[in-house]
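Dear colleague,

Please find below the structure that I am handing over to you. My findings follow directly after it.

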Amino acid sequence: MKKILTILVLTTALGACSQTEKGAAIGGLGGAAVGAAVAGDPVQGAVVGGAVGAVAGALIGHASESGRCRYRDRHGRVYVDRCPDGY
């Protein structure tokens with residue numbers, strides 16, 4: 001039951017993220033899991049795998065956000081709109 005609630009909370013939290021942020025989170029978790037399983041030292045493997053996975057996931061997530069940029073107004077609210085020309 002705890003695992004189901006944890007997964008539900010994590011997926012709900014990711015719903016408010018951009019594709020780049022989702023990719024970084026999923027890539028980091030997956031990379032950490034694979035790194036810990038494959039490396040001789042599980043802690044070092046998780047750290048390195050998580051870092052590499054987060055960067056790779058962010059790059060893949062960003063590539064799927066064609067023409068959309070995230071902006072923050074002076075009140076701290078984040079919104080998504082078309083990117084400026086040449087971006």
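Helix 3 spans residues 42-63, and V48 is located in this helix. The model is a predicted one, and the remarks below should be read accordingly. V48 is partly exposed, since its relative accessible area is 46%, a value that lies between the 20% limit for buried residues and the 50% limit for exposed ones. Together with V43, V47 and V52, V48 makes a nonpolar surface patch of about 380 Å².

As to the overall architecture, the chain contains three helices and two strands. Read from the N terminus, these elements follow the order α-α-α-β-β.

The two strands deserve a separate paragraph. Strand 1 comprises residues 68-72 and strand 2 residues 78-82; they pair in the antiparallel sense, with five bridges between them. Within this pairing, C69 is placed opposite D81 of strand 2. The two strands form a hairpin in which five residues separate strand 1 from strand 2. In the turn, G76 adopts a positive phi of about 90 degrees.

Some totals for the chain complete the account. Of its 87 residues, 18% are buried. Among contacts with a separation of 6 or more, 32% are between residues 24 or more positions apart.

With kind regards

Methods: Residues numbered from 1 in each chain as written. Predicted model: local features only at pLDDT ≥ 70, side-chain atom pairs only at ≥ 80, totals over all residues. Heavy atoms only, no water. Helix = DSSP H or I, 4+ residues; strand = E, 2+ residues; numbered from the N terminus. Buried < 20%, exposed > 50% of the residue type's maximum accessible area, 1.4 Å probe, protein only. Contact = heavy atoms within 4.5 Å. Pairing = 2+ DSSP bridges. Patch = residues over 30% accessible without salt bridge, like charges linked within 9 Å, V, L, I, M, F, W, Y side chains within 5 Å. Areas by Shrake-Rupley, 256 points an atom, 1.4 Å probe, with all protein chains shown as cover. Salt bridge = Lys/Arg side-chain N within 4 Å of Asp/Glu carboxyl O.
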